[in-house]
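The sequence and structure are shown first.

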Amino acid sequence: MAASKGGGGGGGGGGKAASKPTVHIWLVIACLGLLAWFLLALGFFADVVRRSPYSSAITQHLQTKTWRRANPAEIDCGVVGIEGKFIPKDQQYHPLTEKGNHLEKSCRSRYEQHCLWKASDFRPTPEFLGVLRSYEKYHSRCVKGHDLQTLLAQGSAPKDCQYLIWNNLDGKGNQLVSLVSAFVYALLTQRVLLITREAQLQHLLCEPFPSSSWVVPDGVPHARHRAKEERHGSFYARALNETVQGRPVEAPKHLVSFLSNLQKPDDLRFFCPGEQKLVEKVPWVFFWSNQYSVPGLYFVPSFRAKLNAWFPGRAVFLHAGRYLLSPRDEIWLRVMRIYRAYMASADRRVGIQIRAWSNEYKPIITRHILSCAWFSGLLPNVSSATGTNSSSSSQDDDVDIPVHVDVAYEDAEDFSAAGAGERVSVVLTSLRREYAEGVAEAFAEGRTEARQTVTVLSPSAEGEQRTGRLSHERKAISDMWLLSFADEMISTPRSTFGYVAHGLAGIRPIVFNRYGLDPDNVPDPPCLRTNLPGPCFIDHPHQMPCPLDGPEFDIGDSATALPEVRHCLLQWGVGVFEGVD
């Protein structure tokens, strides 16, 4: 019985041992089947990606991911379709590091926009980058953990902290040039820049400072204080009177700096060194302006020395603006969608910015645009003959479809910018779509020898300016940035919208001559290249005494008093001269 049990047990054990190879074989077969299924699925996915219209974007994304791991401190422009271009760490306004790779988070424009601006010699200096890093720490120290509402009400400030509240005035172009001016002034005077909520810039631009917000907190009654506090023009008059009488000048706790086309003569004494010495003692300054006032800051010797150290090439707006102004992701998505569809593959990109100060369409402006484009050589002239195909598409509220024309034109010797076989993308921004349509029709009706593809893109045409409407202002920001990615630009004189675009691009634009002055005739010449790429200070100080200083500090002809400041050719005002006549 024992033997029998043992045999039975042996038989049972022998049966189990015999079944193991069978199980292993089936496991191997199952694994091979899964592997084959995985390989087939992978091949199918690869084929889908290859056939997809987004295949290049996916490939760029994957390549960029791999590259970033190898070079975390540099920006690879392959992410926006520009292969082989990299922005090293010493040229980044916002440094990209392994710890804080914002490309993977939010505000992609903060890094990606620098890949799309035309290559130039304008690079931020180590001095300016050092100032930015120090200012970011200062801004954080003076904002975080402080009750700004109480501090403003009391007119007090923490040790070594002072504040500058920027207030919006007029449209988005005016706001952005005055905001950059306020930022440069804040850097020069070591003040914490805060912006009001009324301008809605917090919905349009990313926060520029990494550790603290630049938006005035809810509940801070800045408007009430701005309305009741002393304006700097009257403060300067009072200070002069007290100085003449030998009495000490008592600085206010709040001061309103008002620099606009509605300013009073005394307000412009803001640019005198003696007056700036007085402002140093004021804890809270309200900066209320619609002007690009940076050229005026050069008249204060201490400011001039710093500006020349930080910006030896004098491209102040370009560097300060590229640091401070970064469109939010929802706007950047629109910018990149339009750029990739209509601009990225072009051989040449031409920006045309049209500002008409009435909502009425004027055919003479279309003639002026075409005459300027042909005269300057940015677009070639076309002979009138049978046309090629032309189409004009409508737009909806979210995606703007451009006017597109496939056109032939003459490769004339006097238009050296136009080369045979080129793909030219024209970005024309205006409140009226008729101007883009008029340019498109002119090319569609022309017939010439050399074939070209010309795309006339009107990203948005709202019909009228709607300052304060968020959807309108999102389109305004995206239009400015699309213009700034052009290789060349034609701009309307005295337009702050155009100032922002060519100021960020670092392009000396071609400006319309006698724009809008003759309702029937295009002037000769229709346009000329201006002498300054940055914005102009339109209502600038001129023949102005600085009574708290010696007569040597009086501002006479502001366009000749300093080598850094010149008259803006074909425009009103003065600008920062970058050394190119």
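## Aromatic pairs

The structure, a predicted model, holds 24 aromatic pairs. One of them is formed by Tyr 163 and Trp 284: the ring centres are 4.3 Å apart and the planes meet at 15°, under the 30 degrees that counts as stacked, so this pair is stacked.

Tyr 163 belongs to strand E3 (residues 163-167) and Trp 284 to strand E6 (residues 284-289). The two residues are 121 residues apart, and their pair links distant parts of the chain. Both Tyr 163 and Trp 284 are buried.

## A tilted pair

Tyr 361 and Tyr 435 have ring centres 4.9 Å apart, and because their planes are at 50° the pair is tilted. Tyr 361 sits in the loop between strand E7 (348-353) and helix H14 (363-376), while Tyr 435 is in helix H15 (residues 434-444). The pair therefore ties together parts that lie 74 residues apart in sequence.

Are these two residues buried or exposed? Tyr 361 is partly exposed, with a relative accessible area of 26%. Tyr 435 has 0% relative accessibility and counts as buried.

## A ring cluster

Ring pairs also join Tyr 135, Tyr 138, Phe 183, Phe 209, Trp 214 and Tyr 323 into a cluster.

## Arginines over rings

Two arginines are placed over aromatic faces. Arg 494 lies over the face of Trp 572, at 4.2 Å from the ring centre. Arg 566 lies over the face of Phe 577, at 3.9 Å from the centre of that ring.

Technical notes:
Residues numbered from 1 in each chain as written. Predicted model: local features only at pLDDT ≥ 70, side-chain atom pairs only at ≥ 80, totals over all residues. Heavy atoms only, no water. Phe/Tyr/Trp six-rings, centres within 6.5 Å; stacked < 30°, edge-to-face > 60°. Helix = DSSP H or I, 4+ residues; strand = E, 2+ residues; numbered from the N terminus. Buried < 20%, exposed > 50% of the residue type's maximum accessible area, 1.4 Å probe, protein only. Lys NZ or Arg CZ within 6 Å of the ring centre and 35° of its normal.
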